[in-house]
Amino acid sequence: MTSLTLAQKGTPLPYGALAEYANSVSPGTFSVKWQEGSSLKDKDKAANAVIATDNGEEIVGQGPTVAYILRFLPQMSPEVSQWLTFSLEQLGTAAAFKDLEQAFAQLDQHLQMRSYLAGYTVTAADVAVWGALRASAIFQRNLKLESQQVLGEALMRWYVHISTQPFVERLSESLAQLQANSSKKGSSGEKKAADQGKFDLGLENVEYGKVVTRFPPEPSGYMHIGHAKAALLNEYFARLYNGKFIVRFDDSNPSKEKSEFEDAITEDLRLLGIAGDKITHTSDYFQTIYEYALQLIRSGGAYVDDTDKERIKEERMDGIASRCRDQSVEENLERFEQMRLGTEMGERCCLRAKISVDCPNKAMRDPVIYRCKPVPHHRTGTAWKIYPTYDFCCPIVDSLEGVTHALRSMEYRDRNPLYAWFFPALNLRPVAIQDFSRMNFVYTLLSKRKLQWFVDNGRVTGWDDPRFPTVRGIRRRGMTIEALRQYVLMQGASQKNMLLEWDKIWSLNKKIIDPVAPRHTALLKRELVPATIVSGPAESYIKQVPKHKKNPELGTKQTVFSPLVFVDQADAATFAVNEEITLMDWGNAIVSNIERIDNVVTGLTLQLHLEGDFKTTKKKITWLGQDSAMHPVEALLVDYDYLITKKKLEEDDEIIDVLTPVTEFDEPAIVDANVGNLSKGSIIQLERRGYYIVDKLANESELGLITLIKIPDGKASSMASKHNQNETNAPAPSKKSQKAAKSSKNQKKQDPDAALGLPRPEDVCNMYKTDPMYGDVKLANPKDVSSMYETSKFY
């Protein structure tokens with residue numbers, strides 16, 4: 001029998017999969033064995049698989065090995081051959097991340113309506129591609145994280161299906177046996193090899209220990225979730241390659257920058273657990289950058305233009321050369337000096353790089369690299385009256401600080417050639433660029449300019465408003481730093497621009513907070529219902545109960561059991577006389593009397609029935625007792641909607657046209673007295689209501705109430721835009737939101753069946769409510785699409 005030996009760490013899975021598939025076609029064709037190490041021939045990386053034939057011939061290397069195995073498989077169709085070549089050339093372990101991403105997208109597209117790559121059963125095409133993906137650390141990383149953005153749903157479905165095939169199971173069993181033996185050796189004292197399954201970005205010219213990345217925020221606003229991705233990725237890959245990570249404040253625009261923003265960014269980075277090995281400022285290099293500007297002028301690579309701003313914009317768009325483009329070096333140096341001095345003439349000028357007039361990439365059309373702005377700088381004061389643009393100072397400082405890889409979002413892709421142009425023009429060490437996609441979310445604005453509009457117009461309370469996508473805003477909404485870090489790293493360095501939903505990041509956050517969030521109780525004050533307990537305690541008493549039944553380490557809380565308790569109107573309205581219910585954390589009770597005024601429940605009498613089985617009751621309700629030494633605490637429960645009504649803004653959309661009329665909702669409530677002892681920022685779960693974060697203590701609130709902000713849990717009901725909901729079902733808008741709504745168009749839809757006077761579903765049934773699966777679907781007029789007769793409403 002022919003034997004195939006595979007090197008465990010040499011990623012030989014494609015060969016092993018093909019050999020085991022050959023055994024499925026013709027049993028006993030190959031004896032597949034595994035051997036430790038990355039090579040079978042004295043560190044020859046090509047020798048990760050060796051075939052020993054019956055006649056003593058030895059076959060080594062990718063091409064000969066695959067060709068030999070294919071001799072034992074049925075004749076391949078051209079389509080199968082094509083996929084086999086694809087697996088070897090485009091899915092190889094040496095492929096860069098962006099090339100693999102394109103290959104993943106091609107596979108996903110092909111498999112949208114197919115179960116197999118070629119034909120209607122498993123072929124060598126499926127086997128070879130599966131083996132290549134199984135050997136790919138990048139694919140396995142994203143598969144583990146269930147990253148559909150990178151892999152695609154169809155590709156993931158197909159991969160899981162092929163993984164259940166018998167030939168895969170045999171291959172996995174033999175590999176598992178080797179790993180088990182290796183584990184035993186490792187436990188007996190042998191040194192284990194380092195983990196090889198790390199995420200790879202496909203960075204070029206990487207030297208372990210010498211990679212340097214940077215995060216260059218502009219201190220002109222607060223960090224938002226998009227900035228967090230850039231910071232986390234740059235730090236992640238610096239640590240991955242045991243390199244250095246620089247935090248550099250790009251403070252080259254004094255008209256927008258403030259020390260306040262720099263301090264806030266520093267604090268946000270600290271909260272994110274991001275620590276730079278070095279913190280610098282672009283302003284540290286102003287003198288050096290100025291000297292490089294003089295060098296560029298003297299070499300004929302730049303000129304000073306006094307054309308007005310609008311004219312420059314028009315000429316660049318139309319590919320027209322500026323009248324100043326051919327000025328002499330002397331004249332340009334004289335004008336640049338006028339700019340440096342901040343004279344009246346200097347203020348009219350700008351310095352432009354002399355690159356191209358009509359390049360198809362408009363970023364290369366003689367871009368502005370210096371402006372005259374005689375305003376004080378928050379660090380350098382009045383020392384400078386000219387300031388470099390980001391496009392000019394970024395490549396210079398990157399090169400001077402030793403940055404090896406500039407990782408930045410794809411919004412700069414058109415400017416990458418400009419970034420690279422300055423290195424030879426100024427005789428600077430070049431820096432490699434790696435793009436990654438921005439994190440764009442539905443109903444969310446990430447533009448600083450647009451976010452500033454909401455702040456300036458009083459639509460939010462500030463940059464830390466819980467409706468804002470700033471790091472401070474989402475943290476105030478209850479997002480944990482751990483969830484944010486995990487989510488960003490799950491996205492990886494994909495270059496595929498996508499509009500992300502908020503559900504996954506909030507679902508991830510829920511998984512983190514649920515095991516550690518103490519449980520508490522809240523009741524809405526509106527039409528609160530007193531309930532007299534019969535056969536209960538004659539006097540109130542306090543009992544210690546667990547804060548979290550599944551996590552005793554959180555300790556206990558004090559719960560009041562009393563002859564008079566309070567329950568929610570929404571619960572009481574569903575009760576029937578003689579119905580047995582469950583008072584959570586107490587026991588069962590039978591409703592013996594219900595008092596009503598105009599269909600509003602005003603009082604209850606409950607017969608305590610502690611011997612009853614809570615499993616038999618349909619209604620398990622929250623309640624609050626009262627004691628002279630321990631009263632419930634008043635609170636304000638706050639929830640929010642998205643700031644805009646459109647999932648994605650187009651370029652011609654005006655913010656004022658897509659404003660959500662009401663975005664803040666609050667409900668006065670009473671909560672158990674333990675909540676009064678919580679500190680600001682504490683995260684809890686209010687039983688049957690969801691997760692909340694303590695936003696303000698009673699002494700910090702204008703109303704003297706503890707303010708609790710609801711934390712989205714990722715469910716469809718909590719992530720849906722509320723502005724389209726029926727007015728009767730929507731939460732109560734806050735006074736601030738009511739005032740803001742008067743200046744916006746209220747587009748809430750009316751229920752066409754309201755005139756029938758039917759009860760609301762939630763008033764007669766305790767089942768949960770579901771949202772429309774496909775949103776608000778506009779139905780056509782029956783007369784326009786059908787010749788059938790029209791009927792009136794039955795009732």
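Predicted model: local features only at pLDDT ≥ 70, side-chain atom pairs only at ≥ 80, totals over all residues.
I'll start with the helices. Two packed helices are described by the angle between their axes and the distance between the axes. Take helix α3, residues 78-89, and helix α5, residues 124-134. They pack at an angle of about 10 degrees, and their axes are 8 Å apart. Angles under 35 degrees count as roughly parallel, and α3 and α5 are therefore roughly parallel to each other. Which residues make the contact? From α3 come Val80, Trp83, Leu84 and Ser87, and from α5 come Ala124, Ala125, Ala128, Val129 and Ala132. Eight of the contact residues are nonpolar, one is polar and none is charged.

The second pair is helix α20, residues 481-491, with helix α21, residues 503-513. Here the angle is about 135 degrees and the axes are 9 Å apart. That makes α20 oblique to α21. The crossing of these two helices is right-handed. On the α20 side, the contact residues are Glu482, Ala483, Leu484, Gln486, Tyr487 and Met490; they meet Lys504, Ile505, Leu508, Asn509 and Ile512 in α21. In this contact of α20 with α21, seven residues are nonpolar, two are polar and two are charged.

Now the sheet. In what order do its seven strands stand? The order is β25-β22-β23-β24-β18-β21-β26, in an open sheet with mixed pairing. At the edges stand β25 and β26, each with a single partner strand, so one side of each has no neighbour in the sheet.

Let me walk through some of the pairings. Threonine 582 has lysine 620 in β25 as its bridge partner.

Strand β22, residues 580-583, also pairs with β23, residues 587-597, this time in the antiparallel sense and over four bridges. Leucine 583 stands opposite glycine 587 in β23. β22 and β23 form a hairpin, with three residues between the strands. In that turn, aspartate 585 has a positive phi of about 70 degrees.

Further along, β18, residues 529-534, and β24, residues 600-608, run parallel and are joined by four bridges. Alanine 531 in this pairing stands opposite leucine 604 in β24.

Technical notes:
Residues numbered from 1 in each chain as written. Heavy atoms only, no water. Axes fitted to C-alpha atoms, helices over the stretch in contact; angles between N-to-C directions. Parallel < 35°, antiparallel > 145°, perpendicular 65-115°, else oblique. Left-handed = near helix turned anticlockwise from the far one by under 90°. Contact = heavy atoms within 4.5 Å. Nonpolar A, V, L, I, M, F, W, Y, C, P; charged D, E, K, R; others polar. Pairing = 2+ DSSP bridges.
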